[in-house]
Amino acid sequence: MTTDDAAQFYLCNCFTTDNFFLEDFSLHVRFVSEQQFRLDYEALLRRLGCVTDQQFEDVLNKISQEVDRRRRLSATSAERAAAIKDVYRPLHPHVYHLQESYLAPKFKQIVEYCRGGDSSVEGLLELLEEEAVRVYRFPVFEKSFCDELVEELEHFEKSSAPKGRPNTMNHYGILLNELGFDEGFVTPLREQYLRPLTSLLYPDCGGRCLDSHKAFVVKYDINEDLDLSYHYDNAEVTLNVSLGKDFTEGNLYFGDMKQVPLSETECSEVEHRVCEGLLHRGQHMHGALPISSGQRWNLIVWMRASQERNKLCPMCNKRPTLVEGEGFADGFTKHPATQNPSCALT
């Protein structure tokens with residue numbers, strides 16, 4: 001058992017009050033009470049097209065349902081994971097356990113460089129493509145592995161096993177911890193292969209001490225989710241890997257950090273390439289343009305550093321109020337902020 005596995009992780013209490021996404025209005029809102037919500041958002045929602053009393057009631061009902069879902073999430077997620085383990089039979093059992101043969105040779109070369117005693121940011125940047133400010137591209141997986149992973153995910157989608165969706169912004173996707181990918185695949189990918197890169201690239205936002213994650217797969221389809229609104233991630237560092245299949249358009253676009261208004265931002269468009277990953281800071285605002293044909297699957301790994309988020313929750317911008325959760329929860333711990341000396345900047 002690793003140190004990361006042994007830690008107890010928590011949610012911030014803002015999980016049940018903040019960052020509710022109203023899809024019809026492309027708006028994230030906070031909900032503490034109906035009175036607060038009306039004061040904060042009623043006039044704005046009317047300007048955005050929510051003009052009748054019934055439309056406003058519909059919004060309140062959707063938020064109420066989402067609050068209830070979030071409050072029950074830890075229990076329902078554990079129940080789904082148990083049911084999946086009981087009823088689902090994998091098509092490709094081997095993809096649940098990370099093997100070096102799944103990794104692109106260039107990625108292994110990059111990781112080997114980072115592990116070396118004389119590695120430097122300057123030397124690492126020569127091996128990566130910088131697509132936007134501190135957004136880096138590199139090959140991650142072999143094409144044969146991506147194909148088998150997508151086949152496994154499609155097999156699961158067609159099964160009778162219960163399915164939880166990644167978040168309120170993605171209707172089509174799979175939570176990889178519920179499917180059983182965390183221990184044998186995502187955790188070693190983060191600890192052994194990604195952390196050497198993030199330690200050099202993002203020491204200022206916890207890149208040296210990423211100790212938990214949330215991993216999921218999202219699907220974009222011409223008949224389902226086409227795009228993803230402008231947002232930031234509940235992560236210190238994010239990896240986004242295009243797994244396939246055949247698609248056109250649907251590029252990512254990156255703005256500035258979340259503190260900068262969109263009106264003051266010049267966005268950079270970044271192409272998805274199958275088998276390649278994009279690594280970026282979680283608080284870097286971004287979105288996905290609509291695909292125009294086909295279907296695209298993406299592996300998303302939100303990597304968290306308790307050392308950073310214990311001081312300030314990235315979702316409510318306050319010191320977190322801790323609530324117990326399942327597994328890695330949202331990556332908060334009760335450890336003091338100075339506990340891990342390996343996270344200190346040098």
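Four of the five residues of strand 5 (residues 135-139) are buried, so the strand is largely enclosed by the rest of the structure. Buried means under 20% relative accessible area, exposed over 50%, and partly exposed in between, with a 1.4 Å probe and protein chains only. Helices (H or I, at least four residues) and strands (E, at least two) are DSSP runs, numbered from the N terminus. This is a predicted model, in which local features need pLDDT of at least 70 and side-chain atom pairs count only at pLDDT 80 or more, while totals for chains, interfaces and linings use all residues. Residues are numbered from 1 along each chain as its sequence is written, and side-chain values use heavy atoms, with hydrogens and water left out.

Strand 5 pairs in the antiparallel sense with strand 4 (residues 129-132) over three bridges; two strands pair if DSSP finds at least two bridges between them. In this pairing, valine 135 of strand 5 has alanine 132 opposite. Two residues lie between the strands of this hairpin, and arginine 134 in the turn has a positive phi of about 60 degrees. Strand 5 also pairs with strand 13 (residues 276-281), again in the antiparallel sense, over four bridges. There, glutamate 276 in strand 13 stands opposite proline 139.

Leaving aside neighbours within four places in sequence, phenylalanine 107 is in contact with residues including Phe138, Pro139, Leu189 and Tyr193, where contact means heavy atoms within 4.5 Å.
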